[in-house]
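New notebook page today. I want to get my bearings in this structure and jot down what I look up as I go.

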Amino acid sequence: MGCGAAGQERNGVLRFLSLELVFSDAHTAEALSDEKLLAAMARFEAALARASTGLVPVEHAETIARACESATFNVARLANEARHAGTLAIPFVKELTAQVP
């Protein structure tokens, strides 16, 4: 395990995706943290669900969007699963889907 620019222990997988190592100041590293990246991905999924009304019933789109807005993620588990899947998208969507009621 390495230590990120913000001084946090990192697992070395998502750290590369968030570009944390490129920046040395703590404020920028926090802005590009794994958690911020995952939150942005969830916001994208919420916007996609809302944009899908007409293809998906409005109440379903809103349920998905609300789940995305309140989603939480286990960064270490996602990093491990992303390593095996070869992409972050597959375990991210799986974990996000599990949070939709």
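Predicted model: local features only at pLDDT ≥ 70, side-chain atom pairs only at ≥ 80, totals over all residues.

**Core.** I started with the largest nonpolar core, which has 13 residues. I noted the ones with the most contacts inside it: Leu38, Phe73, Leu78, Leu88, Phe92 and Leu96. Then I checked which elements give two or more residues to this core, and they are α3 (34-51), α4 (58-70), α5 and α6.

**Overall layout.** I stepped back to look at the whole chain. I find six helices and two strands in the protein. Reading from the N terminus, I get the order β-β-α-α-α-α-α-α. Of the 101 residues, 30% count as buried. I also looked at contacts between residues at least 6 apart in sequence, and 42% of these join residues at least 24 apart.

**Phe92.** Leaving out residues up to four places away in sequence, I have phenylalanine 92 touching Leu38, Met41, Ala42, Glu45, Phe73 and Leu78.

**Ala42.** Is alanine 42 buried or exposed? Its relative accessibility is 2%, and because buried means under 20%, alanine 42 counts as buried. With neighbours within four places set aside, I see alanine 42 in contact with Cys68, Phe73 and Phe92. I also checked a pair involving glutamate 69: it is 27 residues from alanine 42 along the chain, and their C-alpha atoms are separated by 6.7 Å.

**α5 against α6.** Next I compared two helices. The axes of α5 (residues 75-85) and α6 come within 7 Å and cross at roughly 135°. I therefore wrote down α5 as oblique to α6. On the α5 side I listed Arg77, Leu78, Glu81, Ala82 and Ala85, and these meet Ile90, Pro91, Phe92 and Glu95 in α6. Sorting the residues of this contact, I got six nonpolar, no polar and three charged.

**Glu95.** Glutamate 95 is in helix α6 (residues 89-97). How buried is glutamate 95? I read a relative accessible area of 11%, so it goes down as buried. Which side chain does the side chain of glutamate 95 make a polar contact with? I found that of arginine 77, at 3.5 Å. Not counting residues up to four places away in sequence, glutamate 95 touches Thr72, Phe73, Asn74, Arg77 and Leu78.

Technical notes
Residues numbered from 1 in each chain as written. Heavy atoms only, no water. Helix = DSSP H or I, 4+ residues; strand = E, 2+ residues; numbered from the N terminus. Buried < 20%, exposed > 50% of the residue type's maximum accessible area, 1.4 Å probe, protein only. Polar contact = N/O pair within 3.5 Å; in protein donor to acceptor, adjacent residues only side chain to side chain. Contact = heavy atoms within 4.5 Å. Axes fitted to C-alpha atoms, helices over the stretch in contact; angles between N-to-C directions. Parallel < 35°, antiparallel > 145°, perpendicular 65-115°, else oblique. Nonpolar A, V, L, I, M, F, W, Y, C, P; charged D, E, K, R; others polar. Core = buried A, V, L, I, M, F, W, Y, C linked by side-chain atoms within 4.5 Å.
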